[in-house]
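Thanks for coming, everyone. I have one model to walk through today. Please bring it up on your screens.

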Amino acid sequence: MALLLEHEFKPLPADKQIETLPFLEAVAHLPPFFDCLGTPIVYSPVKADLAGNIKKIRAVYDSNPTKFKTLQNILEVEKEMHGAAWPKTGATLALMWLKRGLKFMLVLLQSISDGERDEEHPNLIRVNALKAYEIALKKYHGWMLQKLFTGSVYALPYKSDLLKALEKGKEVKEEESIEKIHQFLSRVTPILDAIYEMYTKMNAELSYKA
């Protein structure tokens with residue numbers, strides 16, 4: 001899975017303190033995943049949003065690498081800095097949306113690797129994409145965006161074409177591709193879960209609609 005395993009995520013430490021720089025370096029390789037889904041009118045903005053949020057967090061980190069060494073440091077320092085405007089500001093807001101885009105990606109891949117499918121059309125990934133959208137993004141989108149997303153599932157690539165795109169065009173057996181997806185998920189899922197947990201604990205999660 002050339003695209004997904006290109007840059008390894010560091011394992012989640014026992015204290016769940018995620019170092020900012022290695023996280024950003026690993027996640028910076030993931031926006032091209034959305035190119036593999038086709039439908040540029042829908043997924044190009046998601047890709048741009050992901051890349052833009054990574055850039056915003058990186059700018060905050062670069063302003064003081066010692067102060068912003070971990071993602072938790074970012075939330076804690078920005079809470080102090082921004083007062084009442086927090087958490088709807090700065091890298092805290094950027095990471096909030098970044099984690100949602102990553103969640104969409106991970107639920108979609110998990111659903112494919114678990115073998116969830118439409119039995120009448122087993123090579124389509126509509127079922128997987130709708131599940132991912134429902135879980136990760138739908139409640140944060142207004143009516144128009146929801147319509148756009150749910151309509152876009154009819155233009156998604158076949159599962160076989162998606163797997164080939166993730167392998168950067170190489171022909172690889174489906175079982176091998178699914179095994180690589182498992183590897184990727186086993187590394188990234190604990191990290192994303194820890195970020196969600198951090199937002200809940202710090203009361204930094206917002207539910208406004210985009």
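Let's start with H7. Its buried residues are Lys159, Leu162, Leu163 and Leu166. They span an arc of only 95 degrees around the axis, so they sit on the same side of H7. Bear in mind that this is a predicted model.

What do the buried residues of H7 pack against? They pack against H4 and H8. Just past the end of H7, Lys168 has a positive phi of about 60 degrees.

Now, one name in that list is a lysine. Lys159 belongs to helix H7. Its relative accessible area is 12%. The cut-off for buried is under 20%, so Lys159 qualifies. Which residues does Lys159 touch, leaving out those up to four places away in sequence? They are Ile112, Pro122, Asn123, Ile125 and Glu174.

Next, helix H6, residues 143–152. Its buried residues are Gln146, Phe149 and Ser152. These cover an arc of only 135 degrees around the axis, which puts them on the same side of H6. The face turned away from that buried side carries Trp143 and Met144, both exposed. H2 and H5 are among the elements covering the buried residues of H6.

On to the core. The largest nonpolar core has 69 residues. Leu4, Phe23, Phe33, Leu37, Leu95, Phe104 and Phe184 touch the most other members. Helices giving two or more residues to this core include H1, H2 and H3. H4 gives the largest share, 15 residues.

Take Phe23 from that group. Setting aside residues up to four places away in sequence, Phe23 touches Phe9, Ile18, Leu71, Leu95, Leu98, Leu102, Ile191 and Ile195.

Now the rings. How many aromatic pairs does the structure hold? There are 11. Phe33 and Phe34 pair edge-to-face, at 5.3 Å centre to centre, with 85 degrees between the planes. Phe34 and Tyr43 are stacked instead, at 6.5 Å centre to centre and 20 degrees between the planes. Phe34 is buried at 1%. Tyr43 is buried at 1% too.

Those three belong to one aromatic cluster, together with Phe104, Tyr133 and Phe149.

Last item: lysines over rings. Lys88 lies over the face of Tyr208, at 4.0 Å from the ring centre. Lys99 places its charged end over the ring of Tyr196, 3.9 Å from the centre.

Methods
Residues are numbered from 1 along each chain as its sequence is written. This is a predicted model: local features need pLDDT of at least 70, side-chain atom pairs count only at pLDDT 80 or more; totals for chains, interfaces and linings use all residues. Side-chain values use heavy atoms; hydrogens and water are left out. A nonpolar core is a set of buried Ala, Val, Leu, Ile, Met, Phe, Trp, Tyr and Cys residues joined through side-chain atoms within 4.5 Å. Buried means under 20% relative accessible area, exposed over 50%, partly exposed in between (1.4 Å probe, protein chains only). Helices (H or I, at least four residues) and strands (E, at least two) are DSSP runs, numbered from the N terminus. Contact means heavy atoms within 4.5 Å. The arc is that of the directions from the helix axis to the C-beta atoms. Rings of Phe, Tyr and Trp (its six-membered ring) pair if their centres lie within 6.5 Å; planes under 30 degrees apart count as stacked, over 60 as edge-to-face and the rest as tilted. A charge sits over a ring if NZ of Lys or CZ of Arg is within 6 Å of the ring centre and within 35 degrees of the ring normal.
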